Amino acid sequence: MELEFRHLRIVCAIADAGSVTKASTQLGLSQPALTHQLQRIEGLLGGRLFVRDRQGAHPTVLGEFVLSRGRALLSTVDNLVGDGPREPVRKPETALIRFSATVSPSGASVLESLQADFPDARVTMRTETKPRRLLESLATRGRPDVALLGEYPALPVPRPAGIVVATITELPMFVMLSAAHPLAERDEIELSDLASEKWIMRPEREQRCAENLRLACAGAGFEPHVAHWLDPEANLDVIHRGHGITIARPGTPDTDKVAVRPLRGSPIVYRDLLAWPEEGVVAPFGAELVTVAARVTWETMTSVPAHAAWLAGRANMPGWA
């Protein structure tokens, strides 16, 4: 047995308490156990450390020597532990949840649901305009953690292995045209009546948008003329002044410049999707996020009374309420 710091603490505790009995209570030991410990310490140091009588325990000469040196050693050790320079306490790294989305009315609600599902994480949202690139990123790099995107059922995007791609809803796309256009007076427009129109497409979208438009128009007997590549919402004056028309989601309201009307027979259909890695952190919450997105999408689609009335008799597509 070698002398240890705990032995010095026992000697100091007995001296401070003035008796083995009181020290045993303070140290949480039985009196016999503390007496045995003291005897072993005295054996290591080569002599008695305390004289015990009715008044308690009193240090011997050897005891005074051990106490003076022991207190100095213990003070030095305590200062070393308590006052030494320390590495700053590192906070655990905050988990990062990456959410990428194409333009969608449900983006904000999905973001809020992710923040509720991961209250201790930092949730970031980024716009990505190319659905195929989104799915490739999910499959090859595991980033983002979840993606909100879309496709045209006639031109579905590839489904990578290991990625869950869930349908939020399928919705018929409407047409946006000048409020002064003669067809704006109709409740519903035939796609074939738009054969002579100039079309506007978003410049950042994949060619699937224009290709899908060509497929739909081919079914109506004409080839569409895509004249402009613009962001329609930022260029309503172009539409208002009759320089082009574009497709729009139901729920997009009329303004004093443009009118949004359904196409008879729903020749252009868009599918909203939510995707995540099947082994990813978002997987346990995937179904919940799809439900949130479907609810918000439907609420947006029916926010315009005329659109809600038109949709009411056509609730035969997956995801429709």
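Mentor: Start with helix H1 (residues 5-17) and helix H2 (residues 20-27), whose axes come within 8 Å and cross at roughly 120°. This is a predicted model, where local features need pLDDT of at least 70 and side-chain atom pairs count only at pLDDT 80 or more, while totals for chains, interfaces and linings use all residues. Residues are numbered from 1 along each chain as its sequence is written, and side-chain values use heavy atoms, with hydrogens and water left out.

A few words on terms. Helices (H or I, at least four residues) and strands (E, at least two) are DSSP runs, numbered from the N terminus. The axes are lines fitted to C-alpha atoms, for helices over the stretch in contact, and the angles run from 0 to 180 degrees between N-to-C directions.

Back to our pair: H1 and H2 are therefore oblique to each other (under 35 degrees is roughly parallel, over 145 roughly antiparallel, 65 to 115 roughly perpendicular, and the rest oblique). On the H1 side, Ile-10, Ala-13, Ile-14 and Ala-17 meet Val-20, Lys-22, Ala-23, Gln-26 and Leu-27 of H2, where contact means heavy atoms within 4.5 Å. Sorted by class, the contact of H1 with H2 has 7 nonpolar, 1 polar and 1 charged residues (nonpolar: Ala, Val, Leu, Ile, Met, Phe, Trp, Tyr, Cys and Pro; charged: Asp, Glu, Lys and Arg; polar: the others, Gly among them).

H1 has another partner, helix H3 (residues 31-45): the two axes come within 10 Å and cross at roughly 115°. Here H1 passes H3 in a left-handed crossing. From H1, Arg-6, His-7, Ile-10, Val-11 and Ile-14 make the contact, and from H3 it's Leu-34, Gln-37, Leu-38, Ile-41 and Leu-44. That contact of H1 with H3 has 7 nonpolar, 2 polar and 1 charged residues.

Ser-109, Val-110, Ser-113, Leu-114 and Asp-117 of H5 meet Glu-288, Leu-289, Val-292, Ala-293 and Val-296 of H9. Those residues divide into 6 nonpolar, 2 polar and 2 charged.

Next, the cores. The largest nonpolar core has 33 residues, and Val-175, Leu-191, Leu-194, Trp-199 and Ile-268 touch the most other members. A nonpolar core is a set of buried Ala, Val, Leu, Ile, Met, Phe, Trp, Tyr and Cys residues joined through side-chain atoms within 4.5 Å. Buried means under 20% relative accessible area, exposed over 50% and partly exposed in between, with a 1.4 Å probe and protein chains only. Among the elements that each supply at least two residues of this core are strand E7 (174-178), strand E8 (198-201) and helix H7 (208-219). H7 gives the most to this core, with 5 residues. Apart from it lies another core, of 19 residues, among them Phe-99, Val-110, Phe-118 and Ala-121.

Finally, a few single residues. Val-226 sits in strand E9 and, at 16% relative accessibility, counts as buried. Leaving aside neighbours within four places in sequence, Val-226 is in contact with Trp-199, Met-201 and Leu-213. Leu-230 is in the loop between strand E9 (225-229) and helix H8 (236-240); with a relative accessible area of 25%, Leu-230 is partly exposed. Although Leu-230 and Ile-200 are 30 residues apart in sequence, their C-alpha atoms are 6.4 Å apart. Pro-277, found in strand E12, is buried at 14% relative accessibility. Pro-277 and Leu-138 lie 139 residues apart in sequence, yet 6.5 Å apart in space, C-alpha to C-alpha. And keep an eye on Ser-266: its phi is positive, about 50°, although it is not a glycine.

Notes. A crossing is left-handed if the near helix is turned anticlockwise from the far one by less than a right angle, and right-handed if clockwise.
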